[in-house]
Amino acid sequence: MSNFTRIAAVCAVAAFAAPSSSSAQVAWDGPMLMAPGAPAGWGFHLVDPHPGDGLGGLVTWRADPAPVGLGFRAGIFEGNRDDLGIVGGVDLSGTLHRGTDDAPFDVIWFAGAGVGIDDDLLASFPLGLAAGWSFTGPNVAFRPYVAPRMVLDAFFGDEADDLDLGAAVEVGLDLAFSPTFAIRTAASVGDREAVSIGLAVPGRR
């Protein structure tokens with residue numbers, strides 16, 4: 001069993017077993033959208049951070065495809081009491097494995113830092129791995145990925161402050177029509193329940 005498989009299994013078990021500590025507070029990294037080769041440019045995403053509780057909008061920016069450089073994001077969501085919650089964060093990543101004939105998938109590590117502001121302030125620091133595959137058709141490339149991660153959450157509220165360690169597993173699919181234009185979907189479970197769909201479009205360089 002590879003190291004990636006072991007880590008992914010641990011994160012998956014933790015994601016399903018751990019209670020969702022951040023369920024009442026908007027988080028910047030739900031979903032994370034960190035896939036090997038995540039396209040450069042702008043991303044515009046419709047997000048349901050807790051299915052059935054309300055929608056939000058998320059805008060992302062990358063100067064280069066992941067795992068090169070930094071990624072940035074900002075979003076507005078329906079808050080805990082039907083008000084507005086805002087999020088913002090930055091991610092970085094690096095290559096662990098490039099696809100070969102024997103192992104035709106890419107693996108990257110990723111980390112990030114950001115905040116969600118609603119009734120309280122939630123600062124979150126994810127750290128995880130993402131494995132992605134690419135299947136090329138006549139006019140489109142199918143790029144599924146899976147991304148387990150651990151998340152350190154720091155809550156700052158009126159009543160009490162708290163520090164929690166959680167876990168999540170995200171699965172996604174990019175339908176790439178060019179290196180910089182794609183339809184992106186993602187869903188995650190665990191401490192970051194979320195579903196999203198969006199567009200990645202080129203940005204001026």
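**Notes on cavities, salt bridges and surface**

1. β1 gives the largest share of the lining of the largest cavity, four residues. Strands here are DSSP runs of E, at least two residues long, numbered from the N terminus. A cavity is a set of points on a 1 Å grid over the protein atoms alone where a 1.4 Å probe fits but cannot get out, and lining residues have an atom within 4 Å of a point. β1 (41–48), β2 (56–62) and β3 each put at least two residues into that lining.

2. Before going on, a word on the source: this is a predicted model, where local features need pLDDT of at least 70, side-chain atom pairs count only at pLDDT 80 or more, and totals for chains, interfaces and linings use all residues. Numbering runs from 1 along each chain as its sequence is written, and side-chain values use heavy atoms, with hydrogens and water left out.

3. Back to the largest cavity: its space comes to about 130 Å³, a volume being the space filled by probe spheres set on grid points that are joined across faces, edges and corners. Of its 18 lining residues, Leu33, Ala38, Thr60, Arg62 and Arg184 lie nearest the centre. The lining splits into nine nonpolar, five polar and four charged residues (Ala, Val, Leu, Ile, Met, Phe, Trp, Tyr, Cys and Pro count as nonpolar, Asp, Glu, Lys and Arg as charged, and the others, Gly among them, as polar).

4. The second largest cavity holds about 70 Å³. Ten residues line it, and Ala27, Pro49, His50, Arg192 and Glu193 are the closest to its centre.

5. Now the largest pocket, at about 290 Å³; a pocket is an open set of points with protein on both sides within 12 Å along at least five of seven lines. β4, β5 and β8 (141–156) are the elements that give two or more residues to its lining. There are 22 lining residues, with Pro36, Gly37, Ala66, Asp106 and Gly132 nearest the centre. By class, twelve are nonpolar, six polar and four charged.

6. What does Arg62 pair with? Arg62 makes a salt bridge with Asp91, with the closest N and O atoms 2.8 Å apart (a side-chain nitrogen of Lys or Arg within 4 Å of a carboxyl oxygen of Asp or Glu). Arg62 sits in β2 and Asp91 in β4, so the pair ties together parts 29 residues apart in sequence. Arg62 is buried at 6% relative accessible area, and Asp91 is buried at 3% (buried means under 20%, exposed over 50%, partly exposed in between, with a 1.4 Å probe and protein chains only).

7. Arg184, another cavity-lining residue, meets Asp174 in a salt bridge at 3.0 Å, N to O. Asp174 lies in β9 (residues 161–176) and Arg184 in β10, so this pair links parts ten residues apart in sequence. Asp174 is buried at 3% and Arg184 at 6%.

8. Asp153 and Arg192 also form a salt bridge, with a closest N to O distance of 2.6 Å, and both residues are buried.

9. Finally, the surface: Ile76, Leu84, Ile86, Val115 and Ile117 form a nonpolar patch with about 430 Å² of accessible area together. Patch residues have over 30% relative accessible area and no salt bridge, with nonpolar side chains (Val, Leu, Ile, Met, Phe, Trp, Tyr) joined within 5 Å and like charges within 9 Å; areas come from the Shrake-Rupley method with a 1.4 Å probe, and for residues only the protein chains shown count as cover.
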